[in-house]
Amino acid sequence: MSPAHSHTFRPFRIAVLASGRGSNLAALIAARAAGRLPVELVGVFSDRAGAGALEIARAHGIPALALSPKDSADRTAFDESLFSRIAAVQPDLIVCAGYMRLISEAAVRRFAGRMINIHPSLLPKYPGLHTHARAIAAGEREHGASVHYVIPALDAGPVIAQARVPVLDGDTPETLAGRVLEREHPLLVASVRWIAEGRVRQAGAAVALDGRPLPAPLLLGPDQELHPPCESSTA
Ligand code: GAR
């Protein structure tokens with residue numbers, strides 16, 4: 001291999017943070033394998049050694065690392081060691097895909113504009129936990145998922161894109177979670193693709209699409225693609 005020079009194509013580098021199952025990670029891996037996501041997955045990181053996401057990563061030859069919060073004095077110290085490992089793989093973007101720990105302000109600031117999260121609600125509704133149960137209890141007829149830039153306040157960063165699903169009579173938190181999860185996968189894949197292509201970026205408290213502030217989040221269509229919010233919509 002010849003040494004890299006300034007015009008060498010450098011693939012967009014993604015690091016994933018996950019605490020659990022890893023179905024969103026699996027969706028990113030599958031999209032990449034199918035040629036639908038031009039990125040390199042450079043590392044998967046977890047706060048739980050037993051996370052399914054780590055197994056999925058290893059099965060695909062992606063470096064995987066778990067650090068236990070118990071080995072650090074406090075959140076700041078844990079995040080310092082975790083995020084310096086992440087920095088070492090030089091990600092262009094960190095994707096929180098089912099990462100269930102609060103992230104310290106210092107770590108968020110270090111990666112400002114370069115860290116996104118997928119959250120199972122139509123933010124700003126239902127930040128935090130138990131989103132499906134809360135949506136059902138509130139009598140919502142619509143629920144969904146959001147991909148947003150991470151800022152120090154929990155689940156409060158600028159929203160890039162959303163997928164909406166109906167809440168049906170008789171839904172339980174589990175049936176609703178399943179309907180949302182099915183849409184999370186294409187939502188995350190498309191959001192990461194638009195960021196990797198340079199179309200989407202964080203612009204302060206807003207999201208910019210092709211250099212212009214987005215008035216409302218992009219919407220995932222039935223075609224599994226993102227669409228700008230319809231300006232003429234009166235719905
Ligand atoms: C997903 O539903 C994701 O939106 C949610 O955890 C699940 C992870 O599933 N994230 C949060 O609740 C973040 N607060 P996965 O491990 O199969 O990707």
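Arg212 counts as exposed because its relative accessibility is 64%. This residue is found in strand 10, which covers residues 212–213. The model is predicted. Arg212 and Arg199 are 13 residues apart in sequence. In space, their C-alpha atoms are 9.9 Å apart.

**Before strand 10**

Asp210 lies in the loop between strand 9 (206–209) and strand 10. Its phi is near 50°. That is a positive value in a residue other than glycine. Asp210 counts as partly exposed, because its relative accessibility is 46%.

Asp155 also has a positive phi, near 55°, and is not a glycine. Asp155 lies in the loop between strand 6 and strand 7 (159–166).

**Accessibility side by side**

The table sets out some residues with their relative accessibility.

| Residue | Relative accessibility | Class |
|---|---|---|
| Arg212 | 64% | exposed |
| Asp210 | 46% | partly exposed |
| Glu140 | 16% | buried |
| Ile103 | 16% | buried |
| Ser146 | 0% | buried |

**Buried residues in loops**

Glu140 lies in the loop between helix 5 (131–137) and strand 6 (142–149). Which residues does Glu140 touch, not counting residues up to four places away in sequence? They are Lys125, Tyr126, Ala135 and Val167.

Ile103 is found in another loop, the one between strand 4 and helix 4 (105–110). Ile103 counts as buried at 16% relative accessibility. Leaving out residues up to four places away in sequence, Ile103 touches Leu17, Arg75, Asp79, Phe83, Cys96, Val108 and Met115. Ile103 and Val150 are 47 residues apart along the chain. Their C-alpha atoms are separated by 9.2 Å.

Ser146 lies in strand 6. Ser146 counts as buried because its relative accessibility is 0%. A polar atom of the Ser146 side chain lies 2.6 Å from the backbone oxygen of Ser121. Ser146 also has contacts beyond its neighbours in sequence, with residues up to four places away left out. Among them are Asn117, Ile118, His119, Ser121, Leu122 and Leu123. Val159, Ala161, Gln162 and Leu187 are touched too.

Leu123 has a further feature. A cis peptide bond joins Leu123 and Pro124, with omega about 10°. Pro124 is found in the loop between strand 5 and helix 5.

**Helix 1 and what covers it**

Helix 1 spans residues 23–33. Which of its residues are buried? They are Ser23, Asn24, Leu25, Ala27, Leu28, Ile29 and Ala31. An α-helix has 3.6 residues a turn, so residues three or four places apart point the same way. The buried set in helix 1 includes Asn24, Leu28 and Ala31.

Strands in the cover include strand 1 (12–17), strand 2 (39–46), strand 4 (93–96) and strand 5 (115–119). Helices in the cover include helix 2 (52–59) and helix 6 (173–196). Gly35 follows helix 1, and its phi is positive, near 80°.

Where does the ligand sit? It sits in the largest pocket. The elements that give two or more residues to the shell around the ligand are helix 1, strand 5 and helix 6.

The surrounding residues can be read along the chain. Gly20, Arg21, Gly22, Ser23 and Asn24 are among them.

A polar side-chain atom of Arg21 is 2.6 Å from a ligand oxygen. A polar backbone atom of Gly22 is 2.7 Å from an oxygen atom of the ligand. For Asn24, a backbone N or O atom lies 2.9 Å from a ligand oxygen. Taken alone, the ligand exposes 440 Å², and the protein buries 87% of that.

Methods: Residues numbered from 1 in each chain as written. Predicted model: local features only at pLDDT ≥ 70, side-chain atom pairs only at ≥ 80, totals over all residues. Heavy atoms only, no water. Buried < 20%, exposed > 50% of the residue type's maximum accessible area, 1.4 Å probe, protein only. Helix = DSSP H or I, 4+ residues; strand = E, 2+ residues; numbered from the N terminus. Contact = heavy atoms within 4.5 Å. Near = heavy atom within 4 Å. Polar contact = N/O pair within 3.5 Å; in protein donor to acceptor, adjacent residues only side chain to side chain. Areas by Shrake-Rupley, 256 points an atom, 1.4 Å probe, with all protein chains shown as cover. 1 Å grid on protein atoms, 1.4 Å probe; cavity = no way out; pocket = protein on both sides within 12 Å on 5 of 7 lines; lining within 4 Å. Sits in = over half its atoms within 2 Å of the grid points.
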